[in-house]
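Please open the model in your viewer and keep the sequence panel beside it. The tour below moves from one selection to the next and says what is to be found at each stop.

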Amino acid sequence: MSSVRDTVVAITGAANGIGAATARLLVAKGAKVVLIDIDTAALYALADELGAEVALAVAGDVTLLDAMQQAVDLAVERFGGIDFVIANAGIASYGSVLHTDPAAFARVLDINLLGVFHTVRAALPAVIERRGYILVVSSIGAFAAMPGLAAYNASKAGAEHFVNCLRLEVEQFGVGVGSAHMSWIDTPMVRDAKADLSTFRQIFEMLPGPMRNTLSAEECATAFVRSLEQRKRHVYVPSWVAWVGRLRSLVNSDITAMALRRHIPGLLTRMDDEVSHLGRATSLRIVNATKR
């Protein structure tokens, strides 16, 4: 196992949740971090907490390639290069395909999928120079469909397959690529969805046994840092998520659909009603951050 000490790690979606927890752990292990986010208040607060010698905060929107290129250029100028990239920025939208806000659906794809591409495209020359490693944050949602979250599921499945293509392309340069797949992590995104939608909470409670368990952002950060140290192809948090990936054909089969079929129509109708009452198809935190 290699060490992250004295390395430079660029993290998107760094201001809160998993990104912030990972940045704290990396700094504790002797790394320098480049923090990229659109939530400027939380971003600069985290950079101040970590210290100017080891943390660079860059306000940047992953949906803009120029913004990601600027972040990379600033990182190289400040720290001399980039060893690792964690493409972590992500959001979710609520509602059925029939009724969801098309703009919100597109925004999820812009951040969760195009944002990954922009992050990787901008950082790749610097990572190649140091024969580094890229970790793209996908989700258990890439393996198992959940009604009402089509944009999120589609974007995370796309991110996973992007990784599969990227890995084949950059192996020749000595660059490693991994994808991270998590179940429920205690992040602002999950807390927002539970607070906004009673139907989301109901779906959550319907999940069997360990699939209802929520891990802390710190536990997820530990797995992410281990992935960097070991240059893992796949990261599963918790470990049983790997079996969902291996059994994805069964998870998305008619057998599973039969078990859910009697619940979905009522749940989805009520979810769409809740979204309509909210007047937004994503969390208020994301709406406010987007307006900045």
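What follows is a walk through a predicted model, from its cores to a pair of helices and then to some loops.

Begin by selecting Val34, Ile82, Val85, Val127, Ile134, Val136 and Leu166, the residues with the most contacts inside the largest nonpolar core, which has 37 residues. Colour next the elements that each supply at least two residues of this core, namely the strands β1 (8-12), β2 (32-37), β3 (55-59), β4 (84-87) and β5 (133-137) together with the helices α3 (65-79), α4 (102-129) and α5 (150-170). Of these, α4 gives the largest share, 9 residues.

Now centre on Val136 and display its surroundings: leaving out residues up to four places away in sequence, Val136 touches Ala87, Val116, Ala159, Val163, Gly178, Ser179 and Ala180.

The crossing of α1 and α2 is right-handed. To see the contact itself, show Ala20, Ala23, Arg24 and Val27 in α1, which meet Leu46, Glu49 and Leu50 in α2; the residues of this contact divide into 5 nonpolar, no polar and 2 charged.

Select next Gly174, in the loop between α5 and β6 (176-182). Is Gly174 buried or exposed? Its relative accessible area is 17%, and since buried means under 20%, Gly174 counts as buried. Once neighbours within four places in sequence are set aside, Gly174 is in contact with Arg131, Gly132 and Arg231.

Two of those partners deserve a stop of their own. Arg131, in the loop between α4 and β5, has a phi near 50 degrees, a positive value in a residue other than glycine, and at 54% relative accessibility Arg131 is exposed. Arg231 sits in the loop between α8 (217-230) and β7; its phi is also near 50 degrees and positive, while at 34% relative accessibility Arg231 is partly exposed.

Finish at Pro238, in the loop between β7 (234-237) and α9 (241-246), where the peptide bond from Val237 to Pro238 is cis, with omega near -10 degrees. As background to these last stops, most residues other than glycine have a negative phi, and most peptide bonds are trans.

Note on methods:
Residues numbered from 1 in each chain as written. Predicted model: local features only at pLDDT ≥ 70, side-chain atom pairs only at ≥ 80, totals over all residues. Heavy atoms only, no water. Core = buried A, V, L, I, M, F, W, Y, C linked by side-chain atoms within 4.5 Å. Buried < 20%, exposed > 50% of the residue type's maximum accessible area, 1.4 Å probe, protein only. Helix = DSSP H or I, 4+ residues; strand = E, 2+ residues; numbered from the N terminus. Contact = heavy atoms within 4.5 Å. Left-handed = near helix turned anticlockwise from the far one by under 90°. Nonpolar A, V, L, I, M, F, W, Y, C, P; charged D, E, K, R; others polar.
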